[in-house]
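Biologist: I would like to go through this model with you. Let us take it part by part.

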Amino acid sequence: MLDKAEHAIRTVGITKRFPGVVANRSIDFDLMPGEIHGLLGENGAGKTTLSSILAGYYHPDEGEIYVRDKFVRIRSPRDALKLGIGMVYQHFSLVPRFNVVENVLLGLDVAGQDVKDLKTLANAISQRATELGFTIDPWAEVSELSVGEQQRVEILKVLFRGASIIILDEPTSVLAPVEVEGLFRTIKSLASQGRSIVFITHKLVEALEFCDRITVLRSGVKVGTLSKSRLKSAREVVQMMFGAEIEPTTAKRVQQVGEEVLRAEGVFVENDLGHEALRNVSLTLHKGEIMGIAGVEGNGQKELAEALAAIRPLKAGRILMGGRSVLGSNPAQQYDLGVAYITDDRVGEGLVRDLTVAENFVLKSFRKPPYRKGLIIDWRRAEKEADHLIDEYAIVARGPRSIARTLSGGNLQKLLVARELSRRPIVLVASQPTHGLDARTTQYIHQKLVEQASQGTAVVLISNDLDEVFALSDTIAVIYRGEIIGLLPRGHATREQVAHLMVGLQEESGKAAELVQK
Amino acid sequence: MEEGKGLSELLDPIIIMFLTFLFGSMLRSATPILLTALGETYGESAGVLNLGAEGMMLTAAFAAFVAGVTANSVLIGVLVGVGTGMLIGLIVAFLVVTLRADQIVVGVGFDVAAVGSTSLGLRVVYGTAQLPLLPPREAVNVAPLSSIPIIGGLFNQPALVYVAILLTPIFYYGLYRTRFGLKVRTLGENPMVADTAGVNVFLFRYMILVLVGAMAGLAGAYLSLYQVSFFRDNMTQGRGFIAIAVTMFARWNPVNVFVASLLYGGAESLAGGVQALGFLRTVPNEVVLMLPYIFTIAGLVALARRARIPPALARPYRREL
């Protein structure tokens, strides 16, 4: 049935409107059997909307969908499931408390796939995993698995539902470089079995490397589809994505690293579960220095950031600022001492969704003048300041009284950055500051970080994006299982070396790391 | 201790009476809690917090009584009680699933409304006259076991008590050993996951709320038709809320729900027994009657603190980015 169809999926004129935006405007898209089709575009280009429509999660306002050349109406994920369309969501659709078998079992009956009992299913899962080149413990609780393993479970789940069309939404964004290679191998073997793959990404290199064709979306409109064989240069695609060319972030700045401003000595910290998350971490930050912390997510980055911001207590060791211990500071005192923190949890920890822009802006400083006037808060002053920042940072908001909820992700991040930088901090801890942002906003935030460092702030840049770390950092510290296992000045570090350290392959680059450590 | 010896000889038959009473009545006291809490377990596991359990029980108790008297049949009374609970469950589902109303407000609203409307209903139907009598119900004897001294009372219970006990393993099996149960629990963990697995979130939550209503309705019918034989203003006396507490400190496991209900039933019987037999004369009656409620609070403090609440509990579902 697969072989005979000309197209696995074809859409005609898909349009989807959300309040205030047209997420997809009359999109024609087609997917061939056995093809890996890249769906490329900036954040907010409409990639996820289009794929969610194919997966039945959204209903298009206009347009037609053909699956295997037959007109279909997909009213719900249930319909999509029955048509053999499976989606691997960016934030996986797994229940962490259930084991792998239970997660796979869910929805099998709807897809018309039957299993005799859980044991049979567990064996089948192990076998399928082996075929795809990895191993998985079918009885493990999903919460105990690494993000990469969870993604494999998600893929297995879709396969067991009998999907012949698989949509992967930004599958590489959560993976370490080594894991990405494994994912590519898996996807290629799926395609070679005749399955059709839609691969959503905003990383150009991946799409070029790995897809048969690439469709580029911009602001909800399809710019074009290119087949890899006919593609002349990457530049062409970049232009399609962004309209005009965008220069990569230039971090060429005069390097003026000054005196020591913060020093961590032998810091041990526990995570929320009471397990050791930082082990004997020592760091020295200098005025005007950007220290990039590279590592695979979940190796202690979050705990490091929180230890520096005094949100998480130290189990051992100490943190000194200007030679004086800041042990026992609470987060507010730490902020007053000059440590600003851009959290990676924008709307959970950083901002309050239901407060206004101005309220969010003074959230850390309302206790003190100039925003405190006697017993009350000087809202006039706060709003004036917030209004000023809206202009300076080009935040798209109606005004200081807009509710934060109404701002887009990128603008929320700008607001958070604006607030944290507004106090001219001595130390800035920036955790995943550009995660999930489009290229323009990313570039803007990079500029701001560099600018801040030039003004003398010591920046700790924690990022999963190696490009970002390399582009901005003066020093690169690699964190692995809670330890800083390499400290490399820029220029001495190669991507390969850092990537290896990140996943614990210390032997190959160990020597180089040792050479420069201390 | 000469004095002690004398006392124990004197009290022996009273203690035997007391224990006999305790074992006989604890299952009866536990049953309405057990029935309601079994239903709530499914509701909360599916992410729906039904704070209206108290109101459902009370309304069902009233409807069951009126129907039972009118039709002169306990069975019809029970069926009407269950039906009333299901109907309220359906209305609650419409409000909290379809209209996405706040589950706490809707639940508490129903509780308050039920107290007033059943009291009013009672006076509208029977005026201020003496309440009519229900047809008699017989306890079901489990033949040889019920004649065992002291604990024999455990095996001489109204039919609905046995029904409640038998439902416990069925509810456990359904929730933890079937696909249906897996889907229900997924709704409480993350409805989006269920949705993308082809589970109709809305339909499922409707079904579950009707089931929750049916169980609370059965409990209500038990109260007015079996435990006592009349309807009295606010006769549930917070049992619906206790059932919700029991659900939580039983951590959404029907077997634990059974144990916790039994402990509650024991506490209530103990209070009744102490009062009836005139133990502890120095302690005021009111203090003794507090026992089941103190037990509930203690249970919540001790166990529910560590309980892991279903993440999607009390959150309406809507597809979004």
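Biologist: What distance separates the centres of domain 1 of chain A and domain 2 of chain A?
Modeller: This is a predicted model, in which local features need pLDDT of at least 70 and side-chain atom pairs count only at pLDDT 80 or more, while totals for chains, interfaces and linings use all residues. Residues are numbered from 1 along each chain as its sequence is written, and chains are lettered from A and ligands numbered from 1 in the order in which they are written. Domain 1 covers 9-242 and domain 2 covers 260-516 of chain A, with bounds from an automatic or database domain assignment. Taken over C-alpha atoms, their centres are separated by 33 Å.

Biologist: How many residues does domain 1 of chain A bring to the contact with domain 2 of chain A?
Modeller: Contact requires C-beta atoms, placed from the backbone, to lie within 7 Å. Domain 2 of chain A gives nine residues, and domain 1 of chain A gives nine.

Biologist: In what order do the six strands of the open sheet of chain A run?
Modeller: Strands (E, at least two residues) and helices (H or I, at least four) are DSSP runs, numbered from the N terminus. Two strands pair if DSSP finds at least two bridges between them. The pairing here is mixed, and the edges are strand 6 (85-88) and strand 10 (221-227) of chain A. The order is 6-7-8-3-9-10.

Biologist: Which residue of strand 9 of chain A is the bridge partner of H37(A)?
Modeller: Strand 3 (residues 36-40) and strand 9 (residues 213-218) of chain A pair in the parallel sense over four bridges. Within strand 9 of chain A, the partner of H37(A) is R213(A).

Biologist: Which helix of chain A supplies the largest share of the side that touches chain B?
Modeller: 15 residues of chain A are in contact with 13 residues of chain B. Helix 2 (77-82) and helix 3 (100-105) of chain A each supply at least two residues of that side. The largest share, three residues, comes from helix 2 of chain A.

Biologist: Why is helix 8 of chain B described as largely enclosed by the rest of the structure?
Modeller: Helix 8 (residues 201-227) of chain B reaches 37 Å from its first C-alpha to its last, close to the 39 Å expected at 1.5 Å a residue; the expected span is 1.5 Å times one less than the number of residues. A residue is buried if 20 or more other C-beta atoms, placed from the backbone, lie within 10 Å of its own, exposed if 12 or fewer, and partly exposed in between. Helix 8 of chain B is largely enclosed because, of its 27 residues, the number buried is 21.

Conventions. Two residues are in contact if their C-beta atoms, placed from the backbone, lie within 7 Å.
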